[in-house]
Amino acid sequence: MSTSDQISPVPDLKNCRLLKLDSIPGQGGILTVVQNGMTDIPFDIRRIFYLHNLKHEAVRGGHAHIASHEIIIPVSGGFTLVLDDGCHHKSFVMTDPQEGMYVAPGIWRTLSRFEPGTVVLVLSSELYSEEDYIRDYTKYIARYRPS
């Protein structure tokens, strides 16, 4: 069965949460650690990517994943993250590199309003697969919130 054929539970923003990442302060700065097996990370990390050289007016995301769990971390700078479950949406200003937003499968996400020098790190439970993406909001609503 392909990823796009799998039956997904109805998305709910209550399944997303801000995670405080393990950080160790020292004389030379702060070391922040993310690794498989940490109690707050509900998946094994299979893919890591980052966004950089982002223009303030750029809009990234604009999709949902069918199976992938993600953690979105503002490594440098800041941005606005909007999460949407098809019924409710919530906006977060992400600026703390010691925090990451856990985004459950089925949640639509949009990133915008990037500060100069922003770097966004994304940890994913799945390797890249185009079949895992829903890139059309109308199709997203039809899949998860049919009338």
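Two strands count as paired if DSSP finds at least two bridges between them; strands themselves are DSSP runs of E with at least two residues, numbered from the N terminus. Keep in mind that this is a predicted model, where local features need pLDDT of at least 70, side-chain atom pairs count only at pLDDT 80 or more, and totals for chains, interfaces and linings use all residues. Residues are numbered from 1 along each chain as its sequence is written, and side-chain values use heavy atoms, with hydrogens and water left out.

Now the sheet: 5 strands form an open, antiparallel arrangement in the order 8-7-10-5-12. Its edges are strand 8 (89-94) and strand 12 (133-134), each pairing on one side only.

Start from strand 7 (residues 79-84), which is joined to strand 8 by 6 antiparallel bridges and to strand 10 by 5 antiparallel bridges. Asp84 shows both pairings: its bridge partner in strand 8 is His89, while in strand 10 it stands opposite Trp108. Moving on, strand 10 also runs antiparallel to strand 5 (residues 60-65), with 3 bridges between them, and there Gly61 sits opposite Thr110. Strand 10 (residues 108-112) is largely enclosed by the rest of the structure, because 4 of its 5 residues are buried (under 20% relative accessible area, using a 1.4 Å probe and protein chains only).

What do the residues lining the largest cavity divide into? The lining has 3 nonpolar, 4 polar and 4 charged residues, where Ala, Val, Leu, Ile, Met, Phe, Trp, Tyr, Cys and Pro count as nonpolar, Asp, Glu, Lys and Arg as charged, and the others, Gly among them, as polar. Among the lining residues are Arg47, His65 and Tyr133; a lining residue has an atom within 4 Å of a cavity point, and a cavity is a set of points on a 1 Å grid over the protein atoms alone where a 1.4 Å probe fits but cannot get out.

Conventions
Buried means under 20% relative accessible area, exposed over 50%, partly exposed in between (1.4 Å probe, protein chains only). On a 1 Å grid over the protein atoms alone, a cavity is a set of points where a 1.4 Å probe fits but cannot get out, and a pocket is an open set with protein on both sides within 12 Å along at least five of seven lines; lining residues have an atom within 4 Å of a point.
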